[in-house]
Amino acid sequence: MAFLKVVPLEKALEVIDSFPLMPKVEMAPLGEALGRVLAENIESPIDVPPFDRATVDGYAVRAEDTFMASESEPIRLRVVGEVNAGDSPDFEVKPGESVYISTGAPLPKGADAVIQFEDVERSGDEVIIPKPAYPSLGVMKAGTDIPKGKTILKRGTRLTFKDTALLSAVGLAKVPVFRKPKVAVISTGNELVLPGEKPRPGQIYDINGRAIADAIRELGGEAVFLGIARDDRESLKGLIEKGVECCDLVLLSGGASGGIRDLTSSIIEELGEVKIHGIAIQPGKPTIIGLINGKPVFGLPGYPTSCLTNFTLLIAPLLRKLSGRESEVRKVRKKLAHKIFSVKGRRQFLPVKIEGEKAVPILKGSGAVTSFIDSDGFIEVPENVEILEAGEEVEVTFFG
Ligand code: AMP
Ligand code: MG
């Protein structure tokens, strides 16, 4: 049985930060860019609209031709042609002339205004204009919607449908995004079966595999669930090796404490190096952090609440860094709903549920899966604190 050399949480975070993992950039096709995080600022490569265009159906005119128009003495202009959306007019509107133009069509040379057809009368090849137009009436000038060269989206933006619409408007078919970190997920224990399988007496369903894989996805990573390793050397070693091969990092849950069947740490030691075995927090004391072939391997506690608390403390910041989401706020300040007691000398993380301005402690113990299901996050009770009073301000860290 291995002795645990317990280190402070800050030391564990330092070790994780020193791991050789850097955010990577890839080009995502626009159709797959939704929800991805931009790795660079995006400038518009074009003017939008790219040409002066009509915003109404009507007649393109030279505004000055209409300045003298009035109800009693309307102006008559000759209609010399027609321009529709998608056309590229190669003629000029000369003094005394106009052309019929439809919404979205490029304004022909010479014209500087479009009078909507409801405001004029057509008579043969003439249009009768009863009131003056002014330059730019009924026209959207090139670049007035989005000028070429303008920064339209910032690095770090998590793309929404509005953002992908904007990227479409400027014609970008691919955008630089942070690559999704690929994470292998392994559950361990003879007692575990997957949902859908039939548990033998004494067996329970695997919760952590699903919880961790989906927490990774929510954080912008790609999870590869490798299944359940049994509490034997072959099984566990095989899956750890597979994880190191296929992924950027490996997360195991269960089997982290010093018990006889807890093999994780000895296998990591055999394949690579155990950097930390034991963190001075509760839950999470038996957490393992190792490195195999330059890939971080984590052994998280087995109880789902403990597992997700440690995932949140140790893994989520790393995944946020790798997926470009470091700026996301995952904490709120609330007031403790009722008094709680903690053990002196223990740095504890307790699940809480948020109700309005209050943080309500969930005191079911880490063995209950509903501790974490019913809670929104957790609060920290520092080592030297035994009692937190009702009404005291606490910082709630959301799970994930
Ligand atoms: P261990 O660290 O392997 O001793 O596990 C501690 C406790 O967590 C035991 O009661 C396990 O049955 C439970 N546990 C471990 N892994 C899982 C899992 N993936 N899903 C649900 N419970 C688990
Ligand atoms: Mg186990």
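Modeller: In this predicted model, the cover over the buried residues of α1 includes the strands β18 (273–277), β19 (288–292), β20 (295–300) and β23 (348–355), together with the helix α6 (304–322). Helix α1 itself spans residues 9–17, and its buried residues are Leu 9, Ala 12, Val 15 and Ile 16. Viewed down the axis of α1, these buried residues fall within an arc of 120°, so they line one face of the helix. The face turned away from that buried side carries Glu 14 and Asp 17, which are exposed.

Glu 10 also belongs to α1. Glu 10 is partly exposed, because its relative accessible area is 43%, a value between the limits of 20% for buried and 50% for exposed. The side chain of Glu 10 makes a polar contact of 2.8 Å with the side chain of Arg 347.

Next, the ligand site. The residues around ligand 1 number 14, and those that come nearest are Glu 191, Asp 206, Ile 207, Gly 255 and Gly 302. By class, the shell has 5 nonpolar, 7 polar and 2 charged residues. A polar side-chain atom of Glu 191 is 2.6 Å from an oxygen atom of ligand 1. On the side chain of Asp 206, an N or O atom lies 2.7 Å from a nitrogen atom of the ligand. Asn 208 places a polar side-chain atom 3.3 Å from a nitrogen atom of ligand 1. Taken on its own, ligand 1 has 490 Å² of accessible area, of which the protein covers 77%. Two elements, β13 (182–188) and β15 (204–205), each give two or more residues to the shell around ligand 1.

Last, the loop residue. Asp 65 sits in the loop between β4 (58–61) and β5 (75–83). With a relative accessible area of 18%, Asp 65 is buried, because the cut-off for that class is under 20%. Leaving out residues up to four places away in sequence, Asp 65 touches Ile 75, Leu 77, Lys 94, Pro 95, Gly 96 and Glu 97. Of these contacts, Ile 75 is 10 residues from Asp 65 in sequence, and their C-alpha atoms are 8.0 Å apart.

Conventions
Residues are numbered from 1 along each chain as its sequence is written. Chains are lettered from A and ligands numbered from 1 in the order in which they are written. This is a predicted model: local features need pLDDT of at least 70, side-chain atom pairs count only at pLDDT 80 or more; totals for chains, interfaces and linings use all residues. Side-chain values use heavy atoms; hydrogens and water are left out. Buried means under 20% relative accessible area, exposed over 50%, partly exposed in between (1.4 Å probe, protein chains only). Helices (H or I, at least four residues) and strands (E, at least two) are DSSP runs, numbered from the N terminus. The arc is that of the directions from the helix axis to the C-beta atoms. Contact means heavy atoms within 4.5 Å. A residue is near a molecule or strand if one of its heavy atoms lies within 4 Å of it. A polar contact is a pair of N or O atoms within 3.5 Å; within protein, one must be able to donate a hydrogen and the other to accept it, and residues adjacent in sequence count only if both atoms are side-chain atoms. Accessible areas come from the Shrake-Rupley method with a 1.4 Å probe; for residues, only the protein chains shown count as cover. Ala, Val, Leu, Ile, Met, Phe, Trp, Tyr, Cys and Pro count as nonpolar, Asp, Glu, Lys and Arg as charged, and the others, Gly among them, as polar.
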